[in-house]
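Subject: Structure handover

Hello,

Here is the structure I promised you. Please open it next to this email and follow along.

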Amino acid sequence: MGKPVTRSLSRSLNEPLCPAQTSSSNTFNIPPTKLHFRQRKIRKPSIKNITATITKTTTTSHRLSTITKPLSVTGEIDRALQHLQNSDPLLKTLISDSKQPTFESNTSPFLSLSRSILYQQLAINAAKSIYTRFLTLCGGESGLKPEKILSLSAQQLREIGVSGRKASYLHDLAEKYRNGALSDSLILEMNDEMLLTSLTAVKGIGVWSVHMFMIFSLHRPDVLPVGDLGVRKGVQSLYGLKELPQPLIMEQLCEKWRPYRSVGSWYMWRLMEAKKLASG
């Protein structure tokens with residue numbers, strides 16, 4: 001296939017209502033979904049009970065977390081939905097009232113990361129315009145290679161609307177590809193922890209950007225973007241919390257979703273999108 005809380009990458013691949021980074025752009029293509037909810041009485045968990053049950057859940061979920069097939073593999077979405085429906089009654093209601101997610105983007109890691117940098121902190125139309133000019137400068141997507149970016153000066157990039165700071169980010173990414181610290185093949189082979197460490201070493205790429213890249217470009221199944229405002233609001237709404245959950249509470253509440261927390265997060269974006277539509 002679908003968005004730190006202030007990055008603008010969120011809508012960059014098919015416009016998820018993902019993060020409340022609503023200034024973001026469309027890098028992670030997720031089509032909007034209209035949800036129609038049926039009212040059901042389901043007992044919502046108390047935060048006081050989370051700590052008491054987390055140990056048991058963690059033991060089971062870490063055993064399940066060995067699943068590493070991308071969500072784009074045939075049958076993985078069905079397996080994810082079955083697991084989530086069995087493990088979380090509240091999420092089961094949401095899943096039954098909405099369409100299935102899709103994760104279908106197949107762009108190279110380097111292209112996706114370059115695009116994510118360009119889309120940061122920009123409105124969707126502005127980001128698309130700059131990205132189009134950037135591709136033209138590079139000779140199209142097929143020409144978007146580390147060597148090509150390194151051959152472009154900051155001045156050349158500024159002339160198409162790329163800020164000096166973003167130019168330095170692009171050059172840093174390209175340099176790490178050139179010196180072998182990163183490559184598309186290495187990225188595809190890294191586990192989630194290694195990816196987070198390696199990619200946040202690139203200037204301009206933070207934890208939130210890596211989480212979005214992992215979900216919507218690599219289709220990793222078990223990513224929980226605890227810093228994403230859209231997901232946090234979704235969890236708050238789903239579990240009836242009085243306040244936005246902090247990362248630790250997010251981890252604990254969503255532990256039962258393992259090894260498919262990426263799909264659970266996708267439904268949090270859809271939940272908040274539906275609420276926004278319902279409120280007019």
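Below is what was found, grouped by region.

First, the ground rules. This is a predicted model, where local features need pLDDT of at least 70, side-chain atom pairs count only at pLDDT 80 or more, and totals for chains, interfaces and linings use all residues. Residues are numbered from 1 along each chain as its sequence is written, and side-chain values use heavy atoms, with hydrogens and water left out.

Start at α3, residues 89–96. Helices here are DSSP runs of H or I with at least four residues, numbered from the N terminus. Asp 88 caps the N-terminal end of α3. One of its side-chain oxygens lies 3.0 Å from the backbone nitrogen of Leu 90. This is a polar contact (a pair of N or O atoms within 3.5 Å; within protein, one must be able to donate a hydrogen and the other to accept it, and residues adjacent in sequence count only if both atoms are side-chain atoms).

Which residues of α3 are buried? They are Leu 90, Leu 91, Thr 93, Leu 94 and Ile 95. Buried means under 20% relative accessible area, exposed means over 50%, and partly exposed is in between, using a 1.4 Å probe and protein chains only. The cover over these residues includes α2 (76–87), α12 (229–239) and α14 (261–278).

Now move to the loop between α3 and α4 (109–119), where you will find Ser 98. Ser 98 counts as buried because its relative accessibility is 16%. A polar atom of its side chain lies 3.0 Å from the backbone oxygen of Leu 94.

**How α2 meets α14**

Two packed helices are described by the angle between their axes and the distance between the axes. The axes are lines fitted to C-alpha atoms over the stretch in contact, and angles run from 0 to 180 degrees between N-to-C directions. α2 and α14 pack at an angle of about 75°, with their axes 9 Å apart. That makes α2 roughly perpendicular to α14, a label for angles of 65 to 115 degrees. Ala 80, Leu 81 and Leu 84 of α2 make the contact with Val 263, Gly 264 and Tyr 267 of α14. Contact means heavy atoms within 4.5 Å.

**Aromatic rings**

Rings of Phe, Tyr and Trp (its six-membered ring) pair if their centres lie within 6.5 Å; planes under 30 degrees apart count as stacked, over 60 as edge-to-face and the rest as tilted. By this rule there are five aromatic pairs. One of them, Phe 103 with Phe 216, is stacked, at 6.3 Å centre to centre and 20° between the planes. Phe 103 lies in the loop between α3 and α4 and Phe 216 in helix α11 (residues 207–216), so the pair ties together parts that are 113 residues apart in sequence.

**Backbone details**

The peptide bond from Arg 258 to Pro 259 is cis, with omega near 5°. Pro 259 lies in the loop between α13 (247–253) and α14.

His 219 has a positive phi of about 60° although it is not a glycine. Its place is in the loop between α11 and α12. His 219 counts as buried, at 4% relative accessibility.

Best wishes

Definitions and conventions:
Helices (H or I, at least four residues) and strands (E, at least two) are DSSP runs, numbered from the N terminus. Angles under 35 degrees count as roughly parallel, over 145 as roughly antiparallel, 65 to 115 as roughly perpendicular and the rest as oblique.
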